[in-house]
Amino acid sequence: LLAWLQSRPCILHPKPVATCQTVLCYHHHPMLLAVYFVQSLAFTGSLVQRFPWVRDRMIADDKFLFKVVIEVLIDSGCATVAEVRKRGDEFWAEFEFYLSDLLVGCVLDVVQVSLMAPRAVLGGKAAALGQSALQKWLAGVPSAAMEASIKGVKQYSLGSRFACLGVKFLEYSLAGITCGFIGQGVANSLMLLKRQIHGESEHDVAVPPLFKTALVWGLFMGVSSNLRYQAVFGLERAVDMTIAKRVPAIAYATTVAIRFVNNVIGGENFIDMARWAGVQ
């Protein structure tokens with residue numbers, strides 16, 4: 001096993017573990033050992049080596065990728081059902097809206113899970129050198145309001161947990177505005193192209209305002225998604241600390257169930273918010 005490990009490239013540097021002089025050693029961090037094994041797999045190994053943010057989250061939460069995949073699958077299915085129910089007979093006339101919402105939703109699924117996921121900071125003390133006061137303050141804010149403190153590594157006060165809600169509001173809002181702007185821009189282009197090819201119809205809906213729609217996405221993400229995913233994280237952590245310790249498979253089942261309910265609520269909530277704002 002040691003011979004195999006020493007031949008593997010280090011997850012911190014592109015050279016073999018045997019020659020890596022990093023202070024953070026796999027002998028003292030068992031979770032890193034699991035990541036080395038993950039590196040040997042074709043798909044996850046490539047992600048770990050190419051994207052440090054994936055590596056850091058996989059070290060902190062071994063179910064991170066499972067949660068991302070489940071989130072995308074559930075959200076796509078729930079969004080389709082919710083859109084059909086809410087739009088009714090106008091579904092095909094408003095298909096561009098549905099397609100825009102679906103594509104933006106899939107991107108945001110990855111963003112939402114990643115921003116709320118706890119992460120391991122490798123070489124944290126060395127990385128802190130040269131950071132600004134703001135960067136150091138942000139480093140003391142948890143990824144989720146209910147993230148567990150680790151004595152001697154990262155400890156969160158009540159104030160930092162409340163600050164997390166504000167930080168996530170800004171992060172989620174920025175992600176929502178960006179993806180909403182791109183997604184609605186694509187939808188508007190498809191609508192105009194469709195009308196140029198097939199001509200205008202009395203059933204055509206008005207082209208929604210691009211910037212207003214992006215702002216609605218930002219509001220939805222910053223408020224609704226932020227609070228809902230904070231609750232999801234807290235419920236999953238509660239399961240991990242109790243039932244899942246005796247029956248690990250329960251953690252996966254409850255993740256699916258909790259995220260399913262969350263996506264049903266979120267999907268219908270967004271359509272209601274979009275109609276209230278007058279963008280759809």
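Helices (DSSP runs of H or I, at least four residues) and strands (runs of E, at least two) are numbered here from the N terminus. By this reading, the protein chain holds 12 helices and 0 strands, and from the N terminus on its elements run α-α-α-α-α-α-α-α-α-α-α-α. The structure is a predicted model, in which local features need pLDDT of at least 70 and side-chain atom pairs count only at pLDDT 80 or more, while totals for chains, interfaces and linings use all residues. Residues are numbered from 1 along each chain as its sequence is written, and side-chain values use heavy atoms, with hydrogens and water left out.

Across the protein chain, pLDDT (the predictor's confidence in each residue, from 0 to 100) has a mean of 79, and 79% of the residues reach 70 or more. Among the elements, helix 10 (residues 210-241) has the highest mean pLDDT, 93, whereas helix 1 (residues 2-7) has the lowest, 46. Over residues 9-28 pLDDT stays under 50. For that stretch the model has 46 contacts (heavy atoms within 4.5 Å) beyond four places in sequence. Where pLDDT is low, the predicted coordinates should not be read in detail.

The overall packing comes next. Of the 280 residues in the protein chain, 43% are buried; buried means under 20% relative accessible area, exposed over 50%, and partly exposed in between, with a 1.4 Å probe and protein chains only. Among contacts with a separation of 6 or more, 69% join residues 24 or more positions apart. The protein chain exposes about 15300 Å², and carbon and sulfur atoms supply 69% of it; accessible areas come from the Shrake-Rupley method with a 1.4 Å probe, and for residues only the protein chains shown count as cover.

On the surface, Phe169, Leu170, Leu219, Val223, Leu227 and Trp276 form a nonpolar patch with about 640 Å² of accessible area together. Helix 9 (158-198) and helix 10 are the elements that give two or more residues to this patch, and the largest share, 3 residues, comes from helix 10. Patches are made of residues with over 30% relative accessible area and no salt bridge, where like charges are joined within 9 Å and nonpolar side chains (Val, Leu, Ile, Met, Phe, Trp, Tyr) within 5 Å. Leu219, a patch member, lies in helix 10 and is partly exposed, with a relative accessible area of 38%.

Which aromatic rings pair up? A search of the whole structure finds 5 aromatic pairs. Rings of Phe, Tyr and Trp (its six-membered ring) pair if their centres lie within 6.5 Å; planes under 30 degrees apart count as stacked, over 60 as edge-to-face and the rest as tilted. One of the pairs is formed by Phe66 and Tyr252, edge-to-face at 4.9 Å centre to centre with 80° between the planes. This pair links distant parts of the chain, 186 residues apart, with Phe66 in helix 5 (residues 64-87) and Tyr252 in helix 12 (residues 249-277). Phe66 is partly exposed at 27% relative accessible area, and Tyr252 is partly exposed at 34%. Trp217 and Phe220 form another edge-to-face pair, 6.1 Å centre to centre and 85° between the planes. Both lie in helix 10, 3 residues apart, about one turn of the helix. Trp217 is buried at 5% relative accessibility, as is Phe220 at 6%. Together with Phe270, Trp217 and Phe220 form one aromatic cluster.

The charged side chains give a further set of links. A search of the whole structure finds 9 salt bridges, each a side-chain nitrogen of Lys or Arg within 4 Å of a carboxyl oxygen of Asp or Glu. In one of them, the closest N and O atoms of Glu71 and Arg259 are 2.7 Å apart. Glu71 lies in helix 5 and Arg259 in helix 12, so this pair ties together parts that are 188 residues apart in sequence. Glu71 is buried at 0% relative accessible area, and Arg259 is buried at 5%. Arg259 also meets Glu236 in a salt bridge (2.9 Å, N to O). Because Glu236 lies in helix 10, this pair ties helix 12 to a part 23 residues apart in sequence. Glu236 is buried, with a relative accessible area of 4%. Salt bridges that share partners join Asp61, Lys67, Glu71, Glu236 and Arg259 into one network.
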